[in-house]
Amino acid sequence: LTDADAVFNAQPFSVFPPTSQLSVACDATVVPSDWREAPGMVMAGFFFARAGVRSIIFIKEVLDYQAHHPEQHDQQAFNQILSELLVVDLPVTVMHPRLFPNGFQYFVKRTVQREGGAPLVVQNNWMMGAENKR
């Protein structure tokens, strides 16, 4: 699932571990060994959910949480459900930040370019709030 502001330079599917039901991108510049160790929040605007009952349940849980907490941003809802014990049976991995950088790391910090890398997908927008994205 992706926001409209993600740019795909190549197909990313081959780098997602086959045992992972959910692969998430985060704003980290290092690869956390586990999504729980990811600094900050994982991004709700770009993630890979492998087809299956458990992934569908996770997405439904996020949407239900959002419906009951409309004051919270979708990323807050995504991270809230991800952090709850309800996903203990959901295999989650973190995408490599050099292959899936956010827009700030790619366009401002230029981390990937300085290291000579080639990202698969760039999540372009790093601005907070709907008003700032217009």
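Biologist: Which residues does Asn-79 touch, not counting residues up to four places away in sequence?

Modeller: Asn-79 touches Met-41 and Val-42 once residues up to four places away in sequence are left out, where contact means heavy atoms within 4.5 Å. This is a predicted model, in which local features need pLDDT of at least 70 and side-chain atom pairs count only at pLDDT 80 or more, while totals for chains, interfaces and linings use all residues. Residues are numbered from 1 along each chain as its sequence is written, and side-chain values use heavy atoms, with hydrogens and water left out.

Biologist: Why is Asn-79 called buried?

Modeller: Buried means under 20% relative accessible area, exposed over 50%, and partly exposed in between, with a 1.4 Å probe and protein chains only; Asn-79 has 14% relative accessibility and therefore counts as buried. The side chain of Asn-79 also reaches the backbone oxygen of Gln-75 at 2.8 Å.

Biologist: How many aromatic pairs are there by this rule, and what makes the pair of Phe-47 and Phe-78 tilted?

Modeller: The count comes to nine aromatic pairs, the rule being that rings of Phe, Tyr and Trp (its six-membered ring) pair if their centres lie within 6.5 Å, with planes under 30 degrees apart counted as stacked, over 60 as edge-to-face and the rest as tilted. Phe-47 and Phe-78 lie 4.9 Å centre to centre with 40° between the planes, so this pair is tilted. The pair links distant parts of the chain, with Phe-47 in strand β3 and Phe-78 in helix α2, 31 residues apart.

Biologist: Why do Phe-47 and Phe-78 count as buried?

Modeller: Phe-47 counts as buried because its relative accessibility is 5%, and Phe-78 because its relative accessibility is 3%.

Notes:
A polar contact is a pair of N or O atoms within 3.5 Å; within protein, one must be able to donate a hydrogen and the other to accept it, and residues adjacent in sequence count only if both atoms are side-chain atoms. Helices (H or I, at least four residues) and strands (E, at least two) are DSSP runs, numbered from the N terminus.
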